[in-house]
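Okay everyone, thanks for coming. Let me put the structure up, and then we'll walk through a few spots in it.

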Amino acid sequence: MRECGDGIVLIGFMGSGKSAVGEQLAERLSLPCIETDELVQKKLDLEIPEIFEQFGEDRFRDAENAVLETLSPNPAVVLITGGGTVLRRENVKLLHRLGMIVHLFANEAVLFERVSRQNNRPLLRTTNPRATLRGLYAAREPLYREAADLELDTSYHSINEIAELIVQKHGGLRLEIR
Ligand code: S3P
């Protein structure tokens with residue numbers, strides 16, 4: 001029997017819909033909603049782009065790992081991770097303790113359209129953000145896939161539909177685990 005909390009952890013690339021779906025899920029299940037990015041921002045008292053600018057990606061990843069270490073499976077939460085959280089293997093272990101890991105994904109065109117609405121992703125501030133997105137996604141996809149208990153394509157489904165599917169699966173998984 002696998003040790004697993006009753007929470008839900010959303011992983012996936014930037015623009016995959018983690019935040020929107022996570023908020024909806026937390027509301028439906030009456031669970032607190034936590035975002036690792038928000039915890040990191042609070043910890044360092046800076047916005048994500050400033051953290052990357054002033055300290056670099058490694059320091060951001062250290063802070064991300066440190067905040068994950070503080071999370072416990074009880075009480076259960078909906079956890080929204082950053083797109084690069086799975087890059088560290090120890091993070092994936094910590095995520096599994098919290099509950100069911102759901103990988104949200106979307107096709108490249110949809111991801112690019114979504115991330116282009118905002119300019120708050122330091123890793124995509126390059127001369128060719130689409131090519132950067134493609135490269136990062138290719139490198140990370142196996143990590144998301146390996147970590148996931150459930151994978152859902154958010155390209156053409158509403159936030160409500162995705163949340164509903166996760167709620168159903170979550171109920172079933174809890175029965176299986178007990
Ligand atoms: C990152 C994704 C961002 C944020 C940071 C790094 C990444 O979160 O953690 O900019 O490495 O993919 P979102 O996935 O919520 O955009």
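Start with Phe-52: its relative accessibility is 15%, so it counts as buried, since the cut-off for buried is under 20%. Keep in mind that this is a predicted model. Now look at Phe-60, which is buried too, with a relative accessible area of 3%. The ring centres of Phe-52 and Phe-60 sit 4.8 Å apart with the planes at 40°, so we call this pair tilted.

Phe-60 is part of the contact between α3 and α4, and Phe-52 is on the α3 side of it. Those two helices pack at about 125°, and their axes are 7 Å apart. That angle makes α3 oblique to α4. On α3, the contact uses Ile-48, Ile-51, Phe-52 and Phe-55, while α4 brings Glu-57, Arg-59 and Phe-60. Sorted by class, that's five nonpolar residues, two charged and no polar ones.

What does α4 pack against with its buried residues? Besides α3, there's α2, β3, α5 and α7. Those buried residues include Arg-61, Glu-64 and Leu-68. As for the helix, α4 runs over residues 57-69 and spans 18 Å from first C-alpha to last, close to the 18 Å expected.

One more thing: the count of aromatic pairs comes to two. Phe-13 and Tyr-137 make an edge-to-face pair, 5.3 Å centre to centre with 80° between the planes. Phe-13 is in the loop between β1 and α1 and Tyr-137 is in α7, so this pair ties together parts 124 residues apart in sequence. Both Phe-13 and Tyr-137 are buried.

Notes
Residues numbered from 1 in each chain as written. Predicted model: local features only at pLDDT ≥ 70, side-chain atom pairs only at ≥ 80, totals over all residues. Heavy atoms only, no water. Helix = DSSP H or I, 4+ residues; strand = E, 2+ residues; numbered from the N terminus. Expected span 1.5 Å × (residues − 1). Buried < 20%, exposed > 50% of the residue type's maximum accessible area, 1.4 Å probe, protein only. Contact = heavy atoms within 4.5 Å. Axes fitted to C-alpha atoms, helices over the stretch in contact; angles between N-to-C directions. Parallel < 35°, antiparallel > 145°, perpendicular 65-115°, else oblique. Nonpolar A, V, L, I, M, F, W, Y, C, P; charged D, E, K, R; others polar. Phe/Tyr/Trp six-rings, centres within 6.5 Å; stacked < 30°, edge-to-face > 60°.
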